[in-house]
Amino acid sequence: MSEQIMDAAPSAVDERGSQTTQAGRPAKPAAGEAGRGRKAFDGTLNVFSHAFLVVWGLLTALPLLWVVLSSFKDDAEILGDPWGLPSALRFDNFARAWTHGNIGQYFVNTGIVLAGSLTLTMLLGATAAYALARYKFVGSRLVYFVFVGGMMFPVVLAFVPLFKIVGGVGLRDTLPGLMLIYTAYSLPFTVFFLTAFFRTLPDSIAEAAYIDGCGPFRTFFRVMLPMAKPGLISVGIFNFLGHWNQYLLPVVLITSDEKQVLAQGLANLAISEGYRGDYSRLFAGLTLAMLPVLVVYAVFQRQVQSGLTAGQMK
Amino acid sequence: MRHGKYPLLLAFLLPPLALYGYFVVSPYAQSFLIAMTNWQGLSPAYEFVGFDNFKRMMGDEYVWNALLNNLWLLVLLPLLTIALGLFLATMLNVGGRGGRSTVTGVRGSGLYKVIYFAPQMLSVSIVGVLWAEVYNPRSGLLNSALRALGLDGLAKIWLGDPAYAFWAVLAVMVWANVGFYVVLFGAAMQSVPRDIYEAAALDGASRLTTLVRITVPLLWDTIQVAWVYLAILALDGFALIHVMTRGGPNFSTDVVGLRLYTEAFGDYKWGYASAIGVVMFFVTLSVTVLSLRLTRRERIELS
């Protein structure tokens with residue numbers, strides 16, 4: 001019995017806990033005497049493995065918690081007692097960040113850009129992918145490779161000409177310009193992912209729709225698009241996070257303060273904080289920028305994790 | 001079925017192709033041409049100078065310094081992130097040896113995964129601003145923790161000291177990416193049949209042996225993808241460094257992307273900046289091809 005206790009994970013010391021695995025399967029019969037010494041070793045390793053996991057968990061969570069706690073402090077507390085708890089919940093920090101720190105304006109700008117860019121990316125990406133996945137025509141492979149090839153280029157390579165081109169059509173320093181650019185730079189991955197997805201859908205359903213008198217456009221919007229929902233959700237989450245967090249493109253294309261998006265505005269706020277010394281406002285701004293995505297993540301974490309990792313592996 | 005496919009093809013392909021061609025393909029193509037000119041952004045006049053920009057780059061110590069920093073990142077970022085990711089994923093997924101020889105995940109592995117993955121949700125700008133505050137020499141989380149532990153000597157001006165700034169930034173990159181690979185490797189480990197791990201445990205294989213001899217070979221495809229992705233990330237690095245240090249102090253954290261940005265929008269040397277971009281493209285391309293080549297192995301089929 002003592003052996004069993006040693007085998008058990010430190011958090012499950014009672015011997016019944018060691019009889020069944022997490023999946024609820026009954027434990028396999030004993031390995032025999034051979035591994036007795038090693039098992040004691042593994043027992044300590046179990047403690048170690050938990051220790052490692054806890055340490056990394058703290059390394060990840062502590063900085064985030066620290067920012068949230070600091071956002072309720074005043075400057076004296078932030079500078080004098082970084083590890084202490086706030087003496088009062090100062091919500092006016094958030095109000096100051098929202099109005100004087102322009103975080104509110106940045107939120108609105110980001111929301112506007114995202115509404116446009118995400119809709120456009122999904123619409124253009126899905127239609128292009130559908131056309132490439134289901135129809136053979138002269139040059140269809142070329143078009144596919146032109147789209148997918150875009151993933152191989154570092155975005156900074158485009159900085160100089162893009163700055164000029166966007167300025168040339170009067171879209172520099174405008175939110176609609178940002179929408180179009182975000183969309184254009186999201187197309188390679190979106191087309192790539194959705195083409196693969198549309199190819200997995202059976203032909204027979206589109207054929208049946210056609211026999212029932214459904215035109216090609218209706219077939220797409222009414223039959224094929226609903227069937228592609230899982231793929232659309234994955235790539236949608238991917239693009240949502242990508243556009244929400246986008247930093248490179250706005251840094252080059254947006255210059256005036258009132259047009260900036262959240263990621264960019266926050267970085268500038270941090271720089272100006274260095275001169276002004278209003279630390280509580282910076283931490284409040286950081287918390288405001290951080291919490292929405294973390295809340296969405298906490299609710300949909302399974303979908304988000306699988307969506308992002310699936311995107312990586314394709 | 002194929003009846004009337006051309007209206008659909010035109011309607012479905014023309015708008016995305018037009019947008020993509022105008023804002024993505026054309027800038028990339030133009031940058032190769034601009035790289036051959038002496039264009040100074042502010043004036044419209046320029047002339048073709050052939051490969052002069054590239055020749056000048058050969059003697060530009062700032063570019064070499066930036067490239068060297070990228071190469072250090074290229075070696076260290078994938079190595080540290082994948083090692084740590086594999087280690088934590090192993091602990092989470094096959095770390096618990098609850099009853100006798102059975103192999104399971106540890107308790108609370110779901111919660112760990114949720115926490116580890118969280119930085120992946122945050123933009124580089126949030127990560128950068130957050131860590132700049134953590135590293136703050138006076139009021140930062142790190143130095144005040146060191147002082148509280150009586151290790152005052154270890155408290156540094158992390159981002160202000162050329163000796164430490166690069167390592168501080170590298171640590172942030174690893175911090176932000178590990179969680180993603182813990183989840184990715186964890187998902188891959190789930191597809192490895194339990195019996196293999198159980199057989200190894202029965203045969204008395206230690207956890208390190210299990211990790212090196214069983215997990216790594218079986219997960220090789222996933223590790224390869226991770227390697228390539230992290231290599232591309234290491235060759236970029238622009239955004240995080242732009243937020244945290246702007247390449248300083250004394251260029252100790254400068255990277256090629258930031259060099260391009262500084263030349264283009266600080267000094268308006270558009271021709272030279274584009275040449276830097278072209279070099280960056282070829283370096284990225286060769287590193288990708290090379291790492292796919294070098295890491296190719298016989299694929300192990302699972303049943």
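Reader: What share of the contacts in chain B with a separation of 6 or more comes from residues 24 or more positions apart?
Author: Two residues are in contact if their C-beta atoms, placed from the backbone, lie within 7 Å. Among chain B contacts with a separation of 6 or more, the share from residues 24 or more positions apart is 69%.

Reader: What are the ground rules here?
Author: This is a predicted model: local features need pLDDT of at least 70, side-chain atom pairs count only at pLDDT 80 or more, and totals for chains, interfaces and linings use all residues. Residues are numbered from 1 along each chain as its sequence is written, while chains are lettered from A and ligands numbered from 1 in the order in which they are written.

Reader: What is the mean pLDDT of chain B?
Author: pLDDT is the predictor's confidence in each residue, from 0 to 100. In chain B, 92% of residues reach 70 or more, and the mean is 86.

Reader: How many helices does chain B have?
Author: Helices (H or I, at least four residues) and strands (E, at least two) are DSSP runs, numbered from the N terminus. Chain B has zero strands; its helices number 13.

Reader: Why is chain B called more spread out than a compact globule?
Author: The globule rule is 2.2 Å times the number of residues to the power 0.38, and the radius of gyration is taken over C-alpha atoms. For 303 residues the rule gives 19 Å, so chain B is more spread out, with a radius of gyration of 24 Å.

Reader: What ipTM does the predictor give the complex?
Author: The pTM is 0.83. The ipTM is 0.85.
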